[in-house]
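Subject: Structure for your review

Dear colleague,

Please find below the structure that I am handing over to you. My notes on its features follow directly after it.

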Amino acid sequence: MNIAPFGVEEWLNEWEKEAVYDIAGSSIASLTLEELIGLDGSTIETFFQEQSKTTLNYGWIEGSPDFKKEVSQLYTTVSPEAVLQTNGATGANLLALYALVEAGDHVIALHPSYQQLYDIPKSLGATVDYWSIYESNQWLPRIEELKELIQPNTKLICLNNANNPTGTLLDESLLKEIVALARKVDAYILVDEVYQSLDPAQKIPSIVDLYEKGISTNSLSKTYSLPGLRVGWTASSNEIAALFRKYRDYTMICAGVLDDALAVHALKNKALILERNRTIVATNLAILNDWVQKEPRVSLILPKSVSTSFIKLDIPIDVEEFCLRLLKEKGVLLVPGNRFETPLHARLGFCAPTDTLVAGLRELSLFLKNFD
Ligand SMILES: Cc1ncc(COP(=O)(O)O)c(C=O)c1O
């Protein structure tokens, strides 16, 4: 099977460990194991004392009943049976795409966004049309263009809401317009929802709650600050879950009993995680915004209250060369925009720990002076 290299992952895999100030990632400052367990006052000792009696068999294949119940409660229309645990949202997207897309299908994908959402369908032999987002339109797509792209044989529309790398949101009314268009041709809509706005005023419904052929994929990696758990899920109708189950048996057995237990603990205490993260996002977004105002070579369509931003750089050199020199000379890691096929920009993960963000921006400012 032919597949394009995954631009962002290749970049991060190569350079992440060299960073002194890693402001490239898109999670909200990850929790330690101790912080996670301590959320409800438990201690490492009591938690693992209890877990020590767990048999390390495969456990619950689709995720434990507690896990499925907790996840189903994130939605208004999803039954626990229709939740399938996966290896991160990456695993959830792969499962959905592998189950739904066949050679010759027509797929539409928001672009740029998470590369899996267009390059896996291409690798499966689908024709993929991009539904572009435009900086001039606040990094949003235009519904008229979707009307032109959609065909009687469109099988699937892939979206990422909020969007990686820009941090912008497709709101409820736009989602409803997309659903109306998809319904006309009986297309599925897959929405990768790993970035959730932490501002209650920006709450957007999940696609699975808006559309009978909607599939929501998500994980604990971004909004919940636990990428190291590698736990994600698909949420869909029971019929779609039944289809996914068949393909899931070929790609994973389970996520592991300890990861499941920690995921359940996180979901039971999600209000505390989200409260912590609301503060980080608000504080860091204000710092980023202030910094951008003072940097003549940087501009930014402000992201919503989600953990990724996409700065525009006015620099006389290629953005990948810029990012590499920035890393080597100042220890600051960004993701160059060419990795999202948008070369005048860079992804800046502003929800790193606040001191890392402040120091990283200070060093980035010093580096930008080279171009005065
Ligand atoms: C849109 C999107 N989906 C999925 C992932 C990966 O999620 P996970 O760590 O849960 O596999 C990322 C990571 O950057 C992402 O940006």
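I178 touches W131, I143, L146, I157, L159, L170 and I189, leaving aside residues up to four places away in sequence; contact here means heavy atoms within 4.5 Å.

The model is predicted, so local features need pLDDT of at least 70 and side-chain atom pairs count only at pLDDT 80 or more, while totals for chains, interfaces and linings use all residues. Residues are numbered from 1 along each chain as its sequence is written, and side-chain values use heavy atoms, with hydrogens and water left out.

Cores

I178 is among the residues with the most contacts inside the largest nonpolar core, together with L159, I189, L220, F322 and L348; this core has 98 residues. A nonpolar core is a set of buried Ala, Val, Leu, Ile, Met, Phe, Trp, Tyr and Cys residues joined through side-chain atoms within 4.5 Å. Buried means under 20% relative accessible area, exposed means over 50%, and partly exposed lies in between (1.4 Å probe, protein chains only). Helix α11 (residues 270–294) gives the most to the core, with 8 residues. Helices (H or I, at least four residues) and strands (E, at least two) are DSSP runs, numbered from the N terminus. At least three residues of this core come from each of domain 1 (7–33 + 272–371) and domain 2 (56–269). A second, separate core of 23 residues includes L100, Y118, I120 and L124.

To the contact between them, domain 1 contributes 32 residues and domain 2 contributes 35 residues.

Sheet and helices

An open sheet is formed by 8 strands in the order β2-β9-β8-β7-β6-β3-β4-β5, with mixed pairing. Its edge strands, each pairing on one side only, are β2 (83–86) and β5 (140–141). Two strands are taken to pair if DSSP finds at least two bridges between them. Within the sheet, β3 (residues 106–111) pairs with β6 (residues 154–160) in the parallel sense over 4 bridges, and A109 stands opposite C158 in β6.

Helix α5 (residues 88–100) lies across β2, β6, β7 (188–192), β8 (214–219) and β9 (232–235), and runs at about 155° to β8. Axes are lines fitted to C-alpha atoms, for helices over the stretch in contact, and angles run from 0 to 180 degrees between N-to-C directions.

The axes of α11 and helix α13 (residues 354–368) come within 10 Å and cross at roughly 10°. That crossing makes α11 roughly parallel to α13; angles under 35 degrees count as roughly parallel, over 145 as roughly antiparallel, 65 to 115 as roughly perpendicular and the rest as oblique. On the α11 side, the contact is made by T283, N284, I287, L288 and W291, and on the α13 side by T354, L357, V358, L361, L364, S365 and L368.

Backbone and loops

The bond from H111 to P112 is cis, with omega near -5°, and P112 lies in the loop between β3 and α6 (116–123). The bond from N161 to A162 is also cis, with omega near 0°, and A162 lies in the loop between β6 and α8 (172–185).

Positive phi values in residues other than glycine occur at Q138, near 60°, and at R230, near 60°. Q138 is placed in the loop between β4 (127–134) and β5 and is partly exposed, at 49% relative accessibility. R230 lies in the loop between β8 and β9 and is partly exposed, at 31%.

R230 is touched by N87, which also touches M252, again not counting residues up to four places away in sequence. N87 lies in the loop between β2 and α5 and is partly exposed, with a relative accessible area of 40%.

Lastly, Y58 lies in the loop between α3 (44–51) and α4 (65–72) and counts as exposed at 54% relative accessibility. Y58 and G256 are 198 residues apart in sequence, yet 6.5 Å apart in space, C-alpha to C-alpha. Beyond residues up to four places away in sequence, Y58 touches I253, C254 and V257.

With kind regards

Technical notes. Domains from an automatic or database assignment.
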